Amino acid sequence: MVGKVMNKEKGKYLIEGEKGKWEVVIGLEVHAQVSSNSKLFSGSSTKFGADPNTQVSLVDSAFPGMLPVINEFCVQQAIKTGLGLNAKINSYSVFDRKNYFYADLPQGYQISQYKNPIVGEGKITLDLPSGTKTIGIERLHLEQDAGKSIHDLDPSNTYVDLNRSGVALMEIVSKPDLSSPDEVNAYIKKLRSIMRYLGTCDGNMQEGSLRADVNVSVRKEGNKELGTRCEIKNVNSIKFMQMAIIYEAQRQVELLESGKSIDQETRLFDTKKNETRSMRSKEDAHDYRYFPDPDLLPLNLNKELIENIKKNLPELPDQKKERFINNYSLTAYEANVLVSEKEISDYFEEVVKTSDIKLAKNWIMGDLFASLNEKNISISQSRVTAKKMSQLIDSISSGVISGRTAKEVFEIMKESGEEPDKIIESKGLQQKSDPKELEKIIEKILTDNKDKVEQYKSGKDKLFGFFVGQVMKISGGKANPQLVNQILKDKLKK
Amino acid sequence: MADLTKKSLTEIVSLIKKKEIKSEEVTNLFIKNIENDKKLNSFITNSNEHAVKKAKNFDKNPKFDTLLPGIPIAVKDLFCTKGVKTTAGSKMLDNFIPNYESTITKNLWNEGAFLLGKLNCDEYAMGSSNETSFFGNVMNPVAENTVPGGSSGGSASALAADLTPTTIGTDTGGSIRQPASFTGTVGLKPTYGLCSRWGIVAFASSLDQAGPMTKTVEDCALMLEAMAGFDEKDSTSINKKKENYSKNLTSNIKGLKIGIPKEYRVDGMPKEIDKLWENGKKILKESGAEIIDISLPNTKYALPTYYIVAPAEASSNLARYDGVKYGFRSNKGTNLIEMYENTRSEGFGDEVKRRILIGTYVLSSGYYDAYYIKAQKVRQLIKSDFDESFKKVDAILTPSTPSAAFKIGEKKNDPISMYLNDIFTVPVNLAGIPAISIPAGTDNNNYPLGLQLIGKTLDEQKLLNIAFATEKKINFKQNLNRWWEK
Amino acid sequence: MSIDKDKIKHVSKLARISVDERKIDDLTKDLSSIFKFIEQLNELNTDKVEPLSSILNEPLRYRKDEINDGKIRDKILENSPKKNEEFFVVPKVIE
């Protein structure tokens, strides 16, 4: 059922129902873990993967009389991220308590920001196949993460690990400006890229550093009013977000077309069954009774602090893209790809520091990306470092090896991480570029194939390729092709 | 020195410093009194052995350059004490042994004192008569079957009965000053933020403040000096230099202006209270102070405001008592939600549950603006009333309570009349300012009554000075027949 | 705005406190009188008053981003009514 009725026309994502076409309206609440050493309100570590309950203080486990004290670094990172999202930084913000009971919420409330968040409205520009699209940011606020409930270690009990309890999160709320799973993909990637450039969040979705609640509603094509939305909680990969949206939008269309209405509710995405379902246990917890946390004072930010952070902001993807287009004569598409991840742009810039730009972009976006995909690794994990890539490109530029040989060398490099010069040396892959040596080979070929020489001279031009092939065969592929062409042309003229 | 336990803290400190008595002797004398306190029920936990050990250690290696050398002190059971059960007067924490020490008690121990025991109090400090404690009523040494006030009722009772040379309490709406008034002792609620809240079981975070309870104003200055101080672990702790309240204590209050708020004269108040108030004015005038009539127009709204703000904060502060990490867990119920509901229903007493429900209600969707925001607005008005008054006066003199100690059970079934006990003390907490209650005389039952002096933010020294001058001239004498020992 | 049994039941659900059916009438009576008392505040016009945001005139104080706590699992777990060597243990949660 799901996915069958999708239709893309002119880049617009519509669902074809029985009774017409429907648009999907999507808003995201992204939870991004601040890259800090210690938690938002306590001095315990935030490091991923520690033994259960070893990164828990008396504050994180809510012992009687324990009090929160805010981490300065986390506040700065929120401001930085806000500035990276072209957003308004609020000089006055307040920490509120969001009250609900859950086993992994030791205080019985989460410290968050409700009415007065630290960051107000901003925007993100997406580069889509159909052009650019601006997505509005509603707000960004700081809050505590909860712990983890583990349901599958014991048939009758739930185990609670509070290592994550109190870790600082930035909740970044978009406006309902997204209208397809592809846009969601582009949005998350761009947001993640901005935060990685800033260094405020590592964006590691496998470790839970980036999760999202996805708000989905549908409306008849062209309708301006928003439909009733459902919130799909805590989705931790882009693929699952997309699958959840596709399922949920279809579900809503079917409900509406059969004359039923949508309940505004919280739903859970079941990745095994590929479906969303109502989270009944959360239903009566909807009344969160927010009120300002009396253990904390309002957060007043002075202008100098904000200006200072602004001054020291690194170059962000959009700015870098402009610079790449101007400085390296890249197309907008190429620049987009190369700035999409900070690591990629850093890699590119290191290679072109010494090496040919055109070769660099082709090799990075071609063979290197293919190898990353094949191995499912990031550029920083590749054994082909920027330095080695530079060496490889330089040996092409200087004629030491041909482009074809370079591919052979690259195949070895990506597995072993060996330096290209050493591979070329040890395998004797250097091109034969000595004209006298090549002349000897060519003369022998021409003597052995007199009939073909005659045919060529009488107009059968295609035989030129045959002669080149013979030279390559005899030289073991190492003959410099430009030189071979030149000598052959000279000899065949005579 | 048979009467030693009747002496003031300052006198005992001086005797120890002069080496006229050993810490162990002092400690044993108090322990002897404690052993006779069964009828008062002021202790939840005795730390006799610990105290004697500490006293012996002190005597072996005495350090006299501290504020409280070798002094045993019993504290309200709301302060977390490392390795010693801390109950907050609740079944919920009946088995809770913290592995950390509250900043305030740590400050006392750093000044040479040590723990003598944990004192009974209203459950989670919610009460004005010490009748809500899971560990039973506390009686007032003043008369059998009367309440000692609350919530620091055990502290007031133990102090008045000479079971501890001094003690500490917490005051959210009057929980130090009202029991001090009922037992003929001195109690100070400091400026919000002067004493760290770290390690004190929280009731209402924006109102809670720890303070000293003592036999004399001089003792009060000494104790405040030991307790107060900046604590980086409490975001609401004020970062300021320590003050020498005891050294700077003086009864010279010439030229100070004392305000008398007309709104503190309420209907049905016993005549004796009015008389004592008048006497207070007279004494202050004689001491060279100027008496000025002032108005605190929003006084009558303080109590309704308090009964929104305090329960709202409490409903959230007490959410952590869920049977997961520490304390009581009900074994009824098969899933998490049932476990929560049974644990909290069985673990909390009626008054605590009542306040959690009030607090939950005033914060709930659709009622938040009408109750909580409204209360925060009125709280602003009440604070402004004080701010305005303090432009004209140095301190304000009022009665501490609208009546003297009442009989156990007398008000237990009428929450409003119980809440009205705090009518004169609550505005001070809402405004975050300091106030002290000192014994001023007795009513016609011979039960003690107190006068309250209210000061500006961080103006504790002046407040202590005025109290010191007043105390001298009132010359209140505690005269107990020690019925509980018979 | 008066409080009634249904509201009390709703609120007790939110507060995770089960209320004894036998006690609910008394509770309703008590809470009604308390709310009547509280609602005296409605006599006051507070339209132009800003709600108090903090009782202190101090700025929020920051902590440095340093790891100086944690690694005390035994202490964290020792008071728990039900635990094993690594975790707090609670009755099964139904999602």
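My entries below go from one whole chain to an interface and then to a single residue.

**Entry 1: chain A as a whole.** I kept in mind that this is a predicted model. I looked up the secondary structure of chain A and found 15 helices and 18 strands. Next I checked how spread out the chain is: its radius of gyration is 30 Å, well over the 23 Å that the globule rule gives for 494 residues, so chain A is more spread out than a compact globule. The C-alpha trace of chain A spans about 95 × 55 × 50 Å along its principal axes. I also noted that 44% of the 494 residues of chain A count as buried. Taking contacts in chain A between residues at least 6 apart in sequence, I saw that 68% join residues at least 24 apart.

**Entry 2: where chain C meets chain B.** Here I found 41 residues of chain C in contact with 52 residues of chain B. On the chain C side, helix H1 (5-14), helix H2 (24-38) and strand E2 (88-91) each give two or more residues. The largest share, 6 residues, comes from H2(C). By type, I noted 25 nonpolar, 7 polar and 9 charged residues on that side of chain C.

**Entry 3: B:Leu67.** I located B:Leu67 in the loop between helix H3 (48-60) and strand E2 (72-76) of chain B. Is B:Leu67 buried or exposed? It counts as buried, because it has 20 C-beta neighbours inside 10 Å. Leaving out residues up to four places away in sequence, B:Leu67 touches B:Glu111, B:Leu222, B:Glu225 and B:Ala226. I also checked B:Leu108, 41 residues from B:Leu67 along the chain; their C-alpha atoms are separated by 8.7 Å.

How values were computed:
Residues numbered from 1 in each chain as written. Chains lettered and ligands numbered in written order. Predicted model: local features only at pLDDT ≥ 70, side-chain atom pairs only at ≥ 80, totals over all residues. Contact = placed C-beta atoms within 7 Å. Helix = DSSP H or I, 4+ residues; strand = E, 2+ residues; numbered from the N terminus. Nonpolar A, V, L, I, M, F, W, Y, C, P; charged D, E, K, R; others polar. Rg over C-alpha atoms; globule rule 2.2 N^0.38 Å. Buried ≥ 20, exposed ≤ 12 C-beta atoms within 10 Å, placed from the backbone.
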